[in-house]
Amino acid sequence: MTDHLTPAEPAHEGHHGHRAGRGREPRPTRRTVDLPGVTGVTLAYREYGTPGAPPLVLLHALGERACDWDGVLPELAPHHHVFALDLRGHGDSGWPGAYGVDLMRDDVLGFLDALGLERVDVVGHSMGGVVAYLLAQQHPGRIGRLVLEDVPAPFPRPASRVAAAPAEPVDFDWAVVRAIKAQLDTPDPAWLERMAAVTAPTLVVAGGPTSHVPQDRLAELADRIPDCRVVTVDAGHLVHRSRPAEYVAVVAPFLDPAGRRGEL
């Protein structure tokens with residue numbers, strides 16, 4: 001499920017598995033951290049890469065979890081120390097009942113502080129992209145590079161009914177759907193007003209005409225971020241899942257710390 005409430009194909013095998021065909025890479029290490037000052041919230045995350053390399057944080061969409069990135073992880077950031085999070089209410093992280101992208105933003109900041117990560121690159125898909133740009137607005141000095149995958153500018157949108165919780169178990173708290181959808185339907189006007197506060201070089205990866213997200217809203221988002229470009233991969237909303245090779249081809253050079261950043 002995405003933060004626009006569109007069902008998605010399963011991104012992983014079983015509860016923690018890699019995508020089919022990717023078993024040759026080392027498995028990420030699963031860890032948890034209790035967040036200081038955030039009562040009752042423990043964040044689960046998957047760690048991959050070389051300790052001491054530039055850190056990269058990956059933030060998933062609504063209804064997904066950290067292993068959603070496994071299909072692109074090794075190629076996406078071969079020179080990074082990667083931390084893929086289960087955001088609150090998802091996967092093995094805490095399900096405290098209180099949800100919102102602002103709370104998730106604060107969780108990510110608490111995660112950075114708990115692990116001593118002063119400055120990180122961040123990739124966010126859909127809801128995770130909203131969390132990412134809120135973090136970049138509030139703490140611009142903590143973000144080196146920012147990638148926003150099919151994330152529109154936060155304008156109000158028509159409300160629609162949230163379906164009842166499914167009968168079968170899911171890997172997230174259904175209350176997250178109601179809370180996040182309400183926020184995205186009627187976003188805080190400050191989110192849009194503060195886009196100019198994002199100082200990180202930013203790449204917006206657009207899903208193109210087959211995405212259900214209005215692509216002019218992605219262009220609007222890019223226009224409001226001072227140092228931002230848009231690259232379209234005609235894959236629909238789930239770009240990194242539907243077209244992993246094309247996704248990596250545009251994102252990995254942007255993130256490359258060896259001097260090829262931004263040369264697309």
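## Aromatic pairs, cores and buried loops in a predicted model

The structure holds four aromatic pairs. In one of them, the ring centres of Tyr-45 and Phe-83 lie 6.1 Å apart with their planes at 50°, so this pair is tilted. Because Tyr-45 belongs to strand S2 (residues 42–49) and Phe-83 to strand S4 (residues 81–86), the pair ties together parts that are 38 residues apart in sequence. Both Tyr-45 and Phe-83 are buried.

Since Tyr-45 is in strand S2 while Phe-111 is in helix H2 (residues 101–115), the pair ties together parts that are 66 residues apart in sequence. Phe-111 is buried, as is Tyr-45. Through these ring pairs, Tyr-45, Phe-83 and Phe-111 are linked into a cluster. Another ring has a charged neighbour: Arg-145 lies over the face of Phe-254, at 4.7 Å from the ring centre.

### The chain as a whole

The model is a predicted one, and the protein chain averages a pLDDT of 88, with 87% of the residues scoring at least 70. Over residues 1–24, however, the pLDDT is below 50, although this stretch has 74 contacts in the model beyond near neighbours in sequence. The pLDDT also stays under 50 over residues 260–264, for which the model has 19 contacts beyond four places in sequence.

The protein chain contains eight helices and eight strands. It has 264 residues, of which 57% count as buried, and it exposes about 10,700 Å², with carbon and sulfur atoms supplying 52% of that area. How far apart in sequence are the residues that contacts join? Among contacts between residues at least 6 apart in sequence, 75% join residues at least 24 apart.

Which residues touch the most other members of the largest nonpolar core? Of its 52 residues, these are Leu-59, Leu-85, Phe-111, Tyr-133, Leu-146, Leu-148 and Leu-221. Helix H3 (residues 127–138) gives the most to this core, with eight residues. A second, separate core of 26 residues includes Ala-77, Leu-203, Val-233 and Tyr-247.

Not counting residues up to four places away in sequence, Ala-132 touches Leu-59, Val-122, Leu-146 and Leu-148. Ala-132 and Leu-59 are 73 residues apart in sequence, and yet their C-alpha atoms are 7.5 Å apart in space.

### Buried residues in loops and in a helix

Two residues have a positive phi although neither is a glycine. For Ser-126 the angle is about 60°, and for Asp-150 it is about 50°. Ser-126 has its place in the loop between strand S5 (120–125) and H3, whereas Asp-150 is found in the loop between strand S6 (143–149) and helix H4 (174–185).

Ala-200 lies in a loop as well, the one between helix H5 (189–193) and strand S7 (202–206). Beyond residues up to four places away in sequence, Ala-200 touches Ile-143, Gly-144, Arg-145, Leu-146 and Asp-227. One of these, Arg-145, is the residue that lies over the face of Phe-254. From C-alpha to C-alpha, Ala-200 and Pro-226 are 8.5 Å apart in space, while they are 26 residues apart in sequence.

Are these residues buried or exposed? A residue counts as buried when its relative accessible area is under 20%, and the table gives the value for each one.

| Residue | Relative accessibility | Class |
|---|---|---|
| Ser-126 | 1% | buried |
| Ala-132 | 1% | buried |
| Asp-150 | 0% | buried |
| Ala-200 | 3% | buried |

Methods
Residues numbered from 1 in each chain as written. Predicted model: local features only at pLDDT ≥ 70, side-chain atom pairs only at ≥ 80, totals over all residues. Heavy atoms only, no water. pLDDT = per-residue confidence, 0-100. Contact = heavy atoms within 4.5 Å. Helix = DSSP H or I, 4+ residues; strand = E, 2+ residues; numbered from the N terminus. Buried < 20%, exposed > 50% of the residue type's maximum accessible area, 1.4 Å probe, protein only. Areas by Shrake-Rupley, 256 points an atom, 1.4 Å probe, with all protein chains shown as cover. Phe/Tyr/Trp six-rings, centres within 6.5 Å; stacked < 30°, edge-to-face > 60°. Lys NZ or Arg CZ within 6 Å of the ring centre and 35° of its normal. Core = buried A, V, L, I, M, F, W, Y, C linked by side-chain atoms within 4.5 Å.
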